[in-house]
Structure formats: C-alpha cells, structure tokens
Amino acid sequence: MVPALFLALFLDLFVSSLPTIKEFGFEFLYSDTWDPVADVYGAAPMIFGTIVSSILALLMAVPLALGVAIFLTEFAPRWLRGPVGTLVELLAAIPSVVYGLWGIFVLIPFLRAFVVPALQGVLGWTPFFSGTFLGNSMLAAGIILAVMILPYISAVSREVLQAVPNSQREAAMALGATRWEAVWTAVLPYGRAGVTGAVVLGLGRALGETMAVTMLIGNRHGLSVSLLEPGYSMAAAIANEFAEATSRLHVAALFEIGLVLFVITVVVNAAARLLVWRVSSGSSAGSRAI
Amino acid sequence: MMNRRDRRRLFSRLMTTATLAAALLAVLPLFLIFAYLVFKGASSVNVDFFIQNPAPPGVSGGGVANAIVGTGIVVGVGSLIGLPLGVGAGIYLAEYGSGKLAYTVRFVADVLNGTPSIIVGVFVFTWFVRPMGHFSALAGAVALAILMIPMVTRTTEEMIRLVPNSLREAALALGYTRWRTSLAIVVRTATPGIMTGALVAVARITGETAPLLFTALGNVNFRTDVMEPMQTLSLQVYAYAVGPFPEWHRLAWGAALVLVALVLTFGIAARYATRAKYEAN
C-alpha cells in the first residue's frame, strides 16, 4: 500500500501538469515570467528561492547541529546528555505555522533593529546584502529554516556518532591525540556517510517546508541575489496560489511546481536514507526526533 | 611562546567550548519561542477564548472555539483512518516482510516521510475535493491520514522487531497459529511502543497546516459536519498571523499557545507510554 501511495502521488502530479509540460517544455524550469493574466508561466524564481533559502539554512544549521551532536556524544557530562538532547529535539515538535508566527512578530523586528544594520555596515558592498530590508526576505526564511532543520540534523548525527565504536576514540587517544583531535581525525571520518546523510535529510526538510517559509519569504516573483530582498519558494507558490488559480494552465503550472518539488525531495531523501542506512542498518533515520 | 603540545591542548579546549556554545545556541530559540508564546499568548487565553467564535474583523473579543473543535474532529477522523492502516502495514512488514518487497516498502515509507506535506494536500485536492465539488473536513482528515501512514508503519515495525524471537517460538510451540501468535503475543507485547509511535504521529499531524489549506480550507463559523469546510487551530494561526488587525495577532498568539500545548501533551504522552513499557519489563 505504501508504494502504491507513492506511485499515485507521482502519477497524479505528472498527469495534472501535462498541459504546462506540453505548452512550455523545459522553458518552464528556467523562465522567470509568471503571468496569470497572459497565461505564461516559468518557475525559475520559485526554484531559485527554494534552493537559496535551503542552502542558507544549511550553512547556518550544519555547523551548529554538528556541534550539538559532538557535544552530546563526546564532551557533555552524562547527566546533561538526556535533557539537552530532549530540548533540542523539542524544536522539531513546534508546528511550522508557529515558527512562522514567531518569525513575523519576533525574528523580523529583531533582524531589522540589530542584525541587518550590522550586516549592511560590514557587508553592504556585496550584492548579497544590498537593497532595502522590508522584513519578509530570503534571510528571514533561511534563519527560520535553519532553526527548524537543526533538530533533525543533530538527532541523526547523534545516532550516527553514537554508533562509532569506542575503540576508534581509544586508538586515537592512545596515539596522543587530544580529545578534539580524536573527534576530528577518528570519530567524524568514521561516521562520515551517516553525518552526510543527516545533512541531506535536513536539506530535504528545508526544501519542502511550506508554512514558515510562506509567512516569511515575501512571496515575490523575481530573481534577486540580495538576501535582504523578498523571494519565493516552490512550496509557498502552491500554498498561496493553488486555491485561487482558475485558468487551466495556471493550475497545471502549480501542479508542475509540485512535481518538480516532489522529484527533488524524493531524490534528496532517497540519498539521505541510503547514506544513513549504511551506518545504522535499517532503522528509520531521525525516528527520535518527534 | 607556547610549545606545540600546549597549543594543541588549548585548541582542543577551545573546540570543546565551541560545541558547548553550539548546544546553548541551539536551545536558545526554543526558550525564546516558548517565552513569547506564554508572554503574548497567555494574555488572550481566557474563558471567552475557548467558548466564543471569532468576532467580525475590527470587533474586539471573540475566541477560537470553532478551531479547537475543528482540530479535534479533523485530527480525530484522520487518526481513525491513518492509524489502523499504518499499524497494519507495520505488523505486516515486521512479521511477514522479508525480501525485496519489504525492503522496497520500508524504503518508500522513509522517503514518503520526507515528502513535503503540501504535496499531499494537492494530491487529496485532486482526488477528493474536486470530485466532491467542495472543500471538506473529511478531505483534510484524509490528507492527515496519508501523512501518518508512513510514520506509523515505520515505528510499528521497529517496535515489533524489538519483541524477542523466543516469545514467538514459545507461542508457536504451544500450538498457536501464525496469525494468532502475531496478534495475541507479538503485537500485544509491542503495544506500548506502537502507542508511542501513534501518539508521536498524532502530535505531528495536529500541528500540520499546509495539507489542510486546500482540503479543510478553514471556516469562520462553528461547524461539526465533516462534509463542510472546517477551521483548525493551525489554519487559524496562519490566517490571523498574516492578517492586518492587532486583535487578530493577539488571537493568533493565543491559538498558537493552545496548539503547542496540545502537540506537547501528545508528545509527553508518547514518552510516558514507552516509559511504562520499560517499567513493566
């Protein structure tokens, strides 16, 4: 039944997006015109926004999540491991829409007051931090995504690092390594496949995240390299326009965006599972993150 | 001038401290979010909040009774559909699933777990909402059920795998048939674990918004008929958060507080179910 569900999802998206596939072909993927009035559709801004916001989130979340996983498996006193681990995993229990709410009323005012002026002061000359900050932006979406995927990456990395045999650590220490050197030269390389899997899993989450991104990214069609300006994402486009789309092509265009998003996340998730399964044979990755 | 050994030790110290800082920084958003939820939400949670329906725009007061009841109905119906299917698939995988098919099911279930929930919403829209001609709470429940199935399948399977083989062998040796062993012995032993998995799944779908956008849709009125559009707390938070009125924002924080409390209650119940299992053993 589960594989049937999977096939049904794929076929449904594919058949429903046939009109735009026929009409626009591959141009759909790289054209940046999205004009429901003229019935011309190109998804480049959404694909670009999804990828940029997800990569931004990974840049922030991966070092932190790895730090947390290393701290909890290698350095933290035993009594601290359970509670801190639970707290980090609690982040995964907060509904996406609550992240969005918090982002609108707490994160964006904070960014506007403190972070953006500082960023513009130091890096304002680069194209990435040019333009005016209106609040809803790629930066805000990236930060909230980073917070949301952190618990997944750290929970899976933690499982992977725990599976590294103690003899690896002991061998490194016996050769005179400091505790950090043991982690860096023995533990992490041993768990490399699993940790990579954890990161890819986080990427999969970030790519498909809908509500928080819809509420924070700005929902503007257009390509801009500036992180301070609004953008759009594939999931956000579906969330915003699907209920209102009336013309046949508009609906099909949204289905095709869904198809692209589905295919990307399936590839990313399949890669993650294979990497994590290689380490923790067969157990469902991230099962501990509720 | 430090010698090489001291430098290496210092670097190790520094990196250890850096990982501690990472842990502190990672839990910081959690505290900030909870602090704001309580600080901004608690003031709007009063008796009216639970028993009144939303007031018209611009009018102060009002509550989210419709959304609270709606969440209960949509999540309840979704669980009624999703849990039996998920648990059944999990039992099948663990007891009879070996070889290529089981491997595929397991793999696909894990991949589906990572599929964006909005895609499921779009899928249910084409198969339920369009043929029926209108949005309905039932369609929302079906979307949530579809999200639950792969999650519950995997946790059920893992819990059943934890049951020692000697128990199965003992039951079979006493003359139990294969299916009776599965149901009466193996599944019963694994029940607390399966409960945990089920509660975690319920907790997760309670907070879902994206798959409900074009299925349950939302409703400003109080509804209990599953064939009509229905409001849920998550849809309410979304609608009010992006709306223009300060009064709506106040209600959004209140609804978010209730929503998070609900999700955490299921989460804590899930942990408690497993704890009970370990104490019993």
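Which residues does V2(A) touch, not counting residues up to four places away in sequence? Select V2(A) and look across to chain B: A89(B), V105(B), V108(B), A109(B), L112(B), I149(B), P150(B) and T153(B). Touching, or contact, means that C-beta atoms, placed from the backbone, lie within 7 Å.

This is a predicted model, where local features need pLDDT of at least 70, side-chain atom pairs count only at pLDDT 80 or more, and totals for chains, interfaces and linings use all residues. Residues are numbered from 1 along each chain as its sequence is written, with chains lettered from A and ligands numbered from 1 in the order in which they are written.

Stay on V2(A). It sits in helix α1 (residues 2–16) of chain A; helices are DSSP runs of H or I, at least four residues, numbered from the N terminus. V2(A) counts as buried because it has 22 C-beta neighbours inside 10 Å; the cut-off is 20 or more. Now find G131(A), 47 Å away from V2(A), C-alpha to C-alpha.

Next, show both chains. 64 residues of chain A contact 65 residues of chain B. On the chain A side, 44 are nonpolar, 15 polar and five charged. Nonpolar covers Ala, Val, Leu, Ile, Met, Phe, Trp, Tyr, Cys and Pro; charged covers Asp, Glu, Lys and Arg; the others, Gly among them, are polar.

Last, select A256(B). Leaving aside neighbours within four places in sequence, A256(B) is in contact with V98(A), L101(A), L37(B), G41(B) and V237(B).

Notes: Contact = placed C-beta atoms within 7 Å. Helix = DSSP H or I, 4+ residues; strand = E, 2+ residues; numbered from the N terminus. Buried ≥ 20, exposed ≤ 12 C-beta atoms within 10 Å, placed from the backbone.
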